[in-house]
Amino acid sequence: MAYDSRSARLADHLPEYLIEALALGLFMVSAGLISTALEAPASGLRAAVADSGVRRALAGLAMGLTAIGLIYSPWGRRSGAHLNPAVTLAFLRLNRMHPLDALAYILAQFCGGLMGVFAVRLLLGADFTSPPVAWVVTLPGAAGPLAAFVAECVISAGLMYTVLRVSASTRYAAWTGVTAGALIALFVLFEAPLSGMSMNPARSFASAAPAGYWQHLWIYFIAPVLGMQAAVQWHLLRNGRTACAKLMHTPLERCIHCGFKPGVDGLVAPSASTPPGPA
């Protein structure tokens, strides 16, 4: 009976799992296209924008807008737009997700990220795989692996804590996605020289696996999870109120995390002040 229940859950929630895979895949496509356009030696845009800091600012703006677009898209509103195993594990820790859904989300994110990277490889070829773009692998900067690890912990904690605080606010919850995208843009601009700016194990794995670069992958597997778990703990100590496991909750899409169903639970999505448990 338990097996049947698990199978039924997986089948019913399959659209959300596929959305997580597709969304991170699209994020990786965007990252690959933008990085190649800005950094590939043969790129006219690289020649036109000689200053590396300006190019990094443009990359940050583009990636922030990509994240915002995915979060507020109908797909992102349906799945919650985690796009990141560390985010999924944070909501699991908060008891806002069923463990089976969390596992499926994480597997989907890893698969989707890989598919996105391979799609860019097919589109751009050697311009994408050759240095300095090099599969958009995330690598420690000149300050070394320890600095990269600390930086990844800090920015991951900052992102997750901000998401939790803003999404739990009745007044500002609708701005959660904009806030997350703005932070991504700022982190690319200011933090990328330290760690490459990942915050996402699936994102880093998607680039490292086809590139065959494993040396520093541990940083991007451990630091984002550690940072976001620390943010969860601090959030619970400071407040304790947590919204649903969606970055954008609307009354138009069902929610597999809190059980909200359009047309059944009324016109208003569940509030942060009285969050239900996982469905």
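**Cavity, pocket and helix packing**

Student: Which residues line the largest cavity?
Tutor: The model is a predicted one, and the structure holds 1 cavity of 30 Å³ or more. Going through the chain in order, the lining of the largest cavity is made up of Val137, Thr138, Ser204, Ala208, Tyr213, His216, Leu217 and Tyr220.

Student: How much space lies in the largest cavity?
Tutor: The cavity concerned has Tyr213 and His216 among its lining residues, and that lining divides into 5 nonpolar and 3 polar residues, with no charged ones. The space in the largest cavity comes to about 40 Å³.

Student: Which helices each supply at least two residues of the lining of the largest cavity?
Tutor: The lining includes Ser204 and Ala208 as well as Leu217 and Tyr220. The helices that each supply at least two residues to this lining span 201–211 and 217–238, and they are helix 12 and helix 13.

Student: Which residues lie nearest the centre of the largest pocket?
Tutor: About 1,100 Å³ of space lies in the largest pocket, whose lining divides into 30 nonpolar, 9 polar and 4 charged residues. Helix 2 (14–39), helix 4, helix 9 (145–167), helix 10 (176–190) and helix 11 (192–195) each supply at least two residues of that lining. Of the 43 residues that line the pocket, those nearest its centre are Thr138, Val188, Gly196, Met197 and Arg203.

Student: Is Thr66 buried or exposed?
Tutor: Thr66 is found in helix 4, which covers residues 52–72, and, leaving aside its neighbours within four places in sequence, Thr66 is in contact with Phe27 and Ser30. The relative accessible area of Thr66 is 17%, and the cut-off for a buried residue is under 20%. Because 17% falls under that cut-off, Thr66 is buried.

Student: Are helix 6 and helix 7 roughly parallel or roughly antiparallel to each other?
Tutor: Helix 6 (residues 85–93) and helix 7 (residues 99–124) pack with their axes 9 Å apart, at an angle of about 175°. Angles over 145 degrees count as roughly antiparallel, and therefore the relation of helix 6 to helix 7 is roughly antiparallel.

Student: Which residues in helix 7 do Pro85, Thr88, Leu89 and Leu92 in helix 6 meet?
Tutor: The residues of the contact of helix 6 with helix 7 divide into 8 nonpolar and 2 polar, with no charged ones. On the helix 6 side the contact is made by Pro85, Thr88, Leu89 and Leu92, and the residues they meet in helix 7 are Pro99, Ala102, Tyr105, Ile106, Gln109 and Phe110.

Key: Residues numbered from 1 in each chain as written. Predicted model: local features only at pLDDT ≥ 70, side-chain atom pairs only at ≥ 80, totals over all residues. Heavy atoms only, no water. Helix = DSSP H or I, 4+ residues; strand = E, 2+ residues; numbered from the N terminus. Buried < 20%, exposed > 50% of the residue type's maximum accessible area, 1.4 Å probe, protein only. Contact = heavy atoms within 4.5 Å. 1 Å grid on protein atoms, 1.4 Å probe; cavity = no way out; pocket = protein on both sides within 12 Å on 5 of 7 lines; lining within 4 Å. Points joined across faces, edges and corners; volume = space filled by probe spheres on them. Nonpolar A, V, L, I, M, F, W, Y, C, P; charged D, E, K, R; others polar. Axes fitted to C-alpha atoms, helices over the stretch in contact; angles between N-to-C directions. Parallel < 35°, antiparallel > 145°, perpendicular 65-115°, else oblique.
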